[in-house]
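Thanks for coming. I will walk through one chain today, starting with the overall make-up and then going contact by contact.

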Amino acid sequence: MKKLQLTVLACAATLLGGCASLQEASSSLSCMLSRATNSADPGCGPGGGPATAVSGSQNERFARLQAALDQETQQAQNMQAQAVQAMQKLPAKQRAVAGPVQTRTVSIADGQSGQAHQMRSFSALTVEMPLAAKGRKEYTQAMTVLKELANELADNRGSSSIVVDQSDEDVRAGRVNTATGTTQSKGGKPVTVIKKIDTGLPAGVERYTIEAGEIRGKL
């Protein structure tokens, strides 16, 4: 997933003050997200964007942040669809199944006025992966997409998690890997892998939930 793929969106109406360059606009919105998660990049200025980014009123700045958050949600949905599509040519019982995409409302305070704004943000999505497909190139391709999503979310939010629900029967039979741990994204942010037993999950399936780190802080 390209870093939110915000270049076109960033130069749309939400950047009311103009756009010096596509790269600059994308960098500005990425900085806004990192600032809102208290994981701002050293290159981000005190206003939520690089020193060259266009400033705006409070409403404009929050409109740009909401646009970035909406685009993040859309990109996560696109990645989920790519993972499922990668396995569509396999037999029916070996195909991935998309689960719900969850969003949440978060409160972000304006750093200047202290006024809080309620923002829609991506929370998590799930994909069910059949064990029968393990070892197939299609399965590996789907897993690569899901891991890429987790890594991009970690870079955007400061952290992310991959929660893997496994059936009790598969765990007892040793058919699944129950190891947990934490890796780092390209940006050095933690991606935590959590394995859990779900007694309601049928044998032969693992449910992968990709969770974004929480948004905290001020804009």
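**Overall make-up**

Of the 219 residues in the chain, 47% are buried, where buried means under 20% relative accessible area, exposed means over 50%, and partly exposed is in between, with a 1.4 Å probe and protein chains only. A word on where this comes from: the model is predicted, local features need pLDDT of at least 70, side-chain atom pairs count only at pLDDT 80 or more, and totals for chains, interfaces and linings use all residues. Residues are numbered from 1 along each chain as its sequence is written, and side-chain values use heavy atoms, with hydrogens and water left out.

The chain has 5 helices and 6 strands. Those are DSSP runs numbered from the N terminus: helices are H or I with at least four residues, strands are E with at least two. In sequence order the pattern reads α-α-α-β-β-α-β-α-β-β-β.

**The hairpin**

Start with strands S1, residues 97–109, and S2, residues 116–130, which pair in the antiparallel sense over 11 bridges. Two strands count as paired if DSSP finds at least two bridges between them. One of the bridge pairs is Ser107 with Gln118 in S2. Together S1 and S2 make a hairpin with 6 residues between them, and in the turn Gly114 has a positive phi of about 80°.

Val101 is in strand S1 and is partly exposed at 27% relative accessibility.

Gln58 lies in helix H3 and is buried at 18% relative accessibility. Its side chain makes several polar contacts, a polar contact being a pair of N or O atoms within 3.5 Å; within protein, one must be able to donate a hydrogen and the other to accept it, and residues adjacent in sequence count only if both atoms are side-chain atoms. The partners include the side chain of Ser113, at 2.8 Å, and that of Gln115, at 3.0 Å. The side chain of His117 is another partner, also at 2.8 Å. His117 is in strand S2 and is buried, at 15%.

Also here is a salt bridge, Arg61 to Asp110, with the closest N and O atoms 3.0 Å apart. By salt bridge I mean a side-chain nitrogen of Lys or Arg within 4 Å of a carboxyl oxygen of Asp or Glu. Why does this pair tie together parts that are 49 residues apart in sequence? Because Arg61 is in helix H3, residues 58–85, while Asp110 sits in the loop between S1 and S2. Arg61 is buried at 8% relative accessibility, and Asp110 is buried at 1%.

**Other salt bridges**

How many salt bridges does the structure hold? The count is 11.

Lys134 and Glu206 form one of them, at 3.4 Å from N to O. Lys134 is in the loop between S2 and helix H4 (137–157), Glu206 is in strand S6 (residues 205–212), and the two are 72 residues apart, so the pair links distant parts of the chain. Are these residues buried or exposed? Lys134 is partly exposed at 36%, whereas Glu206 is buried at 2%.

Glu138 and Arg136 form another, at 3.9 Å from N to O. Glu138 is buried at 15%, and Arg136 is partly exposed at 34%. There is also a network of salt bridges that links Glu128, Asp165, Asp198 and Arg207.

**The largest pocket**

Last item. The largest pocket has a volume of about 370 Å³. On a 1 Å grid over the protein atoms alone, a pocket is an open set of points where a 1.4 Å probe fits, with protein on both sides within 12 Å along at least five of seven lines, and lining residues have an atom within 4 Å of a point. Grid points are joined across faces, edges and corners, and the volume is the space filled by probe spheres set on the points.

The lining has 19 residues, and Met143, Lys147, Val193, Lys195 and Tyr208 lie nearest the centre. Two or more lining residues come from each of H4, strand S3 (160–166), strand S4 (181–184), strand S5 (190–197) and S6. H4 gives the most, 4 residues.

By type, the lining divides into 8 nonpolar, 7 polar and 4 charged. Nonpolar here is Ala, Val, Leu, Ile, Met, Phe, Trp, Tyr, Cys and Pro; charged is Asp, Glu, Lys and Arg; the others, Gly among them, are polar.
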